[in-house]
Amino acid sequence: MPQLSNTQLFGGWGRSPSSASALLPTDEDPAVKLDALAEFVASAPDGTRLLARGMGRSYGDAANCAGGYVSTHYDFRDIFEFNPTSEELRASSGFSLDEIMRRLIPEGYFVYVTPGTRYVTLGGAIAADIHGKNHHKDGSFINHVESFELITPSSRIEVNRSDPLFWATAGGMGMTGIITAATIRLKKVQTSYIKVTTQKTLNVSETIEMMQRLDDSFTYSVAWMDSLASGNSLGRSVITWGEHASEADLEPKLADNPLSYGPSVKLKAPDIAPSWLLNMASIRAFNEAWYRKAPKNKVSIESIPAYFHPLDAVSDWNRLYGRTGFLQYQFQVPLGQEETLISIIHRFSRNRTPSFLSVLKRFGPSSSGHLSFPQPGWTLALDIPIRTKGLSELLDGIDFQVAEAGGRVYFAKDSRLIPELVPKMYPRLDEWRDVVEKSDPKGIFLSDLGRRLSLRSGEVKKASLVETLGAAIGKGPNL
Ligand SMILES: Cc1cc2nc3c(=O)[nH]c(=O)nc-3n(C[C@H](O)[C@H](O)[C@H](O)COP(=O)(O)OP(=O)(O)OC[C@H]3O[C@@H](n4cnc5c(N)ncnc54)[C@H](O)[C@@H]3O)c2cc1C
């Protein structure tokens with residue numbers, strides 16, 4: 001058994017919190033490494049904790065394992081086999097979507113689901129069951145996964161869609177075992193460009209109305225919202241709908257090489273950015289300028305990185321928030337809860353919560369993942385500097401509002417939710433626990449997120465904290 005000697009601090013993309021774990025040694029030969037890993041997991045003594053980690057793009061403590069072992073994506077990078085006939089890719093879980101796109105977009109294939117960054121691994125994409133701008137059409141990542149290989153304490157097996165472990169792993173945030181490789185379906189595209197329709201809205205009601213009316217006519221849809229706007233402009237947004245461009249859509253210069261793809265990093269953020277760099281004034285000015293600059297209504301051709309991953313052009317942009325860092329608050333409320341959504345946007349605006357571009361999307365049908373985040377409705381994500389005054393109280397109150405509306409907070413972004421709200425937000429939690437209990441009875445695969453939210457144990461249900469907090473914000477706990 002490896003010693004807990006190679007200890008390092010691991011944190012999330014929000015730069016807070018972090019915890020110390022031992023990095024498992026990497027063997028030169030991946031096959032030897034995986035056999036050794038499976039053996040290590042099978043014979044791990046009681047109390048051992050272990051977690052697989054991708055590129056650390058989850059914001060909070062989902063990829064942290066305090067006092068345990070961490071296996072990183074560098075361990076899983078030997079297989080990459082694309083079959084154009086079946087349009088399926090078999091790849092090791094450590095490959096990032098960036099690498100998959102660089103290899104396969106020039107061949108005319110794109111991933112079905114991409115998040116707002118391409119620097120996520122196949123393993124991280126499955127574990128969080130990530131969503132993109134096309135959830136209303138194509139669902140979440142797991143919808144396009146045929147099977148994956150999983151190391152659990154009892155086995156190293158190929159898990160397919162008929163196995164409950166498949167659905168416990170999709171959204172299970174690494175706590176069902178280690179995904180070593182997966183088979184995913186890819187989408188055929190004619191070009192590496194997106195035909196983008198941009199529409200500016202005056203306020204949140206217009207944003208909601210337009211997305212409800214028009215989203216189904218497009219594959220991709222997202223609204224970038226000014227969270228600091230207020231009054232009649234509350235929730236004013238710029239909606240961009242997208243469709244894969246055909247060759248005929250391209251002007252001659254681009255049509256010469258329609259599948260060209262080679263995104264580059266244009267800037268690198270310094271590590272010495274002071275915490276006040278992204279403060280209320282600068283964030284307000286940015287939101288204002290960006291909203292004003294957007295065309296009222298326009299159709300244009302954009303590259304895949306420009307439309308899907310604009311932030312990736314600045315490497316390590318999370319450093320701009322300074323050493324204190326930031327958090328991303330992403331929640332979801334079901335269809336029919338538009339008033340709740342508007343009331344939450346109003347709370348953010350009233351509390352003058354600075355968010356450097358907030359993102360609103362509409363979700364379609366859920367996957368069968370027990371803990372998958374998306375369900376039909378609306379999701380809003382805000383990046384908020386940690387130093388924001390009154391932030392904890394504000395978000396604690398909104399958590400209750402979200403839970404009461406039948407919504408949930410996204411584990412991949414979370415660092416602060418309380419465990420008492422989780423069974424309400426994720427009603428299939430007990431089903432997930434039953435599956436995980438069978439495959440990992442000793443609870444080896446437990447992240448800091450899992451510990452904080454008591455995901456593996458059912459002890460915390462209605463603690464007094466819930467009542468205290470519920471009363472404090474003037475809302476009964478009603479859980
Ligand atoms: C700029 C930005 C934009 C984003 N936009 C979106 C978005 O639009 N939609 C969305 O859904 N998410 C989004 N995310 C979140 C991101 O997609 C997820 O957090 C994703 O899981 C990160 O993948 P990763 O490889 O970095 O995994 P990590 O962050 O390292 O780990 C995430 C989880 O996956 C588990 N895991 C990782 N590898 C394995 C493995 N091999 N086996 C088992 N478990 C594993 C970890 O234990 C952990 O619980 C965004 C993040 C950033 C930084």
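Trainee: By class, which residues make up the shell around the ligand?
Mentor: This is a predicted model. Charged residues in the ligand shell number two. The rest of the shell divides into 13 polar residues and 17 nonpolar ones.

Trainee: Which residues come nearest to the ligand?
Mentor: The shell holds 32 residues. The nearest are Gly54, Pro115, Gly123, Gly124 and Gly174.

Trainee: How many Å separate the centres of domain 1 and domain 2?
Mentor: The domain assignment gives domain 1 as 77-188 and domain 2 as 193-417. Taken over C-alpha atoms, their centres are separated by 24 Å.

Trainee: Which helix gives the largest share of the side of domain 1 that touches domain 2?
Mentor: In this contact, 28 residues of domain 1 meet 29 residues of domain 2. On the domain 1 side, α2 (97-104), α4 (135-138) and α5 (164-169) each supply at least two residues. The largest share is three residues, and it comes from α4.

Trainee: Which residues touch the most other members of the largest nonpolar core?
Mentor: This core has 121 residues. It draws at least three residues from each of domain 1 and domain 2. The residues that touch the most other members are Ile100, Ala125, Ile126, Phe148, Ile179 and Ala182.

Trainee: Which residues does alanine 182 touch?
Mentor: Leave out residues up to four places away in sequence. Alanine 182 then touches Ala91, Ser93, Leu122, Ile126, Val145 and Phe148.

Trainee: Is aspartate 129 buried or exposed?
Mentor: Aspartate 129 sits in the loop between α3 and α4. Its phi is positive, about 40°, although it is not a glycine. Most residues other than glycine have a negative phi. Aspartate 129 has 30 other C-beta atoms within 10 Å, and the cut-off is 20 or more, so it is buried.

Trainee: How many other C-beta atoms lie within 10 Å of aspartate 316?
Mentor: Aspartate 316 is in the loop between β16 (314-315) and β17 (326-334). It too is not a glycine, yet it has a positive phi of about 55°. Aspartate 316 is partly exposed, because its count of other C-beta atoms within 10 Å is 14.

Trainee: Over which residues does pLDDT stay under 50?
Mentor: The protein has a mean pLDDT of 91, and 93% of its residues reach 70 or more. Where pLDDT is low, the predicted coordinates should not be read in detail. The stretch under 50 has 25 contacts beyond four places in sequence in the model, and it covers residues 460-479.

Key:
Residues numbered from 1 in each chain as written. Predicted model: local features only at pLDDT ≥ 70, side-chain atom pairs only at ≥ 80, totals over all residues. Near = placed C-beta within 6 Å. Nonpolar A, V, L, I, M, F, W, Y, C, P; charged D, E, K, R; others polar. Domains from an automatic or database assignment. Contact = placed C-beta atoms within 7 Å. Helix = DSSP H or I, 4+ residues; strand = E, 2+ residues; numbered from the N terminus. pLDDT = per-residue confidence, 0-100. Core = buried A, V, L, I, M, F, W, Y, C linked by C-beta atoms within 7 Å. Buried ≥ 20, exposed ≤ 12 C-beta atoms within 10 Å, placed from the backbone.
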